[in-house]
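Subject: Structure handover

Hello,

Here is the structure for you to look over, with its sequence. My notes on what turned up follow below it.

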Amino acid sequence: MKLVSGHRHHHDTGFTLVEVLVGLLVIVGFISTAMQALVTATVFKVKGQELSEATTWIQEDIERVRFKAKRFGLGENVNLPACQAIDNTSGYAALLQDEINANAPVDTDKLSAIGNRPYTLIRTPDLPSDAPFNVLSLEYQVVSADNIPIAVVQTKVIPDKSLECP
């Protein structure tokens with residue numbers, strides 16, 4: 001048997017160093033973009049949960065205030081001086097504000113379920129400047145420990161008793 005010996009041409013099989021480096025750069029680019037998107041999604045999720053908790057705290061206090069407004073003066077005669085108030089300190093709104101401050105204080109300190117971060121709930125009443133003086137405006141704010149507002153809500157409350165005014 002005769003062996004044929006010939007020159008075999010070995011073509012380079014595989015990748016060059018430049019091709020490997022370009023491939024690595026492309027992979028790193030995809031991974032870094034995906035990680036950035038993941039971090040951004042997590043930040044938005046946490047902010048959404050904070051807003052949801054803050055809104056729940058505000059809603060709980062609004063319900064407490066509305067309950068007081070509904071029950072205010074129940075079983076009593078209509079307070080004619082409050083019906084005919086000539087300034088905002090003697091109307092039903094001022095009477096309701098006094099009732100709320102005395103019997104429904106705001107629960108100011110809250111801890112978030114997300115990392116037990118402290119927040120403060122602030123309720124700011126505003127008496128009407130024009131007659132009739134029976135609508136109490138409330139502004140709620142939930143702020144972080146860094147004094148950054150998380151949620152702000154404004155509402156108005158009318159005591160049921162004021163609707164009985166002549």
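D61 makes a salt bridge with R64, with 2.8 Å between the closest N and O atoms; a salt bridge here is a side-chain nitrogen of Lys or Arg within 4 Å of a carboxyl oxygen of Asp or Glu. Both residues sit in helix α1 (residues 17–71), 3 residues apart, which is about one turn of the helix. Helices (H or I, at least four residues) and strands (E, at least two) are DSSP runs, numbered from the N terminus.

Please keep in mind that this is a predicted model, in which local features need pLDDT of at least 70 and side-chain atom pairs count only at pLDDT 80 or more, while totals for chains, interfaces and linings use all residues. Residues are numbered from 1 along each chain as its sequence is written, and side-chain values use heavy atoms, with hydrogens and water left out.

D61 also forms a salt bridge with R123, again given with 2.8 Å between the closest N and O atoms. This pair links distant parts of the chain, since D61 is in helix α1 and R123 is in strand β2 (residues 118–126), 62 residues apart. D61, R64 and R123 are thus linked in a network of salt bridges. As for accessibility, buried means under 20% relative accessible area, exposed means over 50%, and partly exposed lies in between (1.4 Å probe, protein chains only). D61 is buried because its relative accessibility is 0%, and R123 is buried too. R64, at 34%, is partly exposed.

The count of salt bridges by this rule is 5. Another one of them joins K161 to E164, whose closest N and O atoms are 3.2 Å apart. K161 has a relative accessible area of 8% and so counts as buried, whereas E164 has 46% and is partly exposed.

Next, the disulfide. The structure holds 1 disulfide, the term standing for a pair of cysteine sulfur atoms within 2.5 Å. C83 and C165 are the two partners, with an S to S distance of 1.9 Å. The angle about the S-S bond is -80 degrees, and the link of C83 and C165 is left-handed. The pair links distant parts of the chain: C83 belongs to helix α2 (residues 80–83), and C165 to the segment after β4 (149–157), 82 residues apart. Both cysteines are partly exposed, C83 at 22% relative accessibility and C165 at 24%.

On to the interior. A nonpolar core is a set of buried Ala, Val, Leu, Ile, Met, Phe, Trp, Tyr and Cys residues joined through side-chain atoms within 4.5 Å. The largest such core has 21 residues, and I58, L96, Y140 and V142 have the most contacts inside it. At least two residues each come from α1, α3 (92–103), β2, β3 (136–144) and β4, and α1 gives the most, with 6 residues. Leaving aside neighbours within four places in sequence, I58 is in contact (heavy atoms within 4.5 Å) with L121, Y140, V142, A151 and V153.

Two backbone details remain. Most residues other than glycine have a negative phi, and most peptide bonds are trans. The peptide bond from A131 to P132 is cis, with omega near -5 degrees, and P132 lies in the loop between β2 and β3. N147, in the loop between β3 and β4, has a positive phi, near 65 degrees. N147 is exposed, at 59% relative accessibility.

Regards
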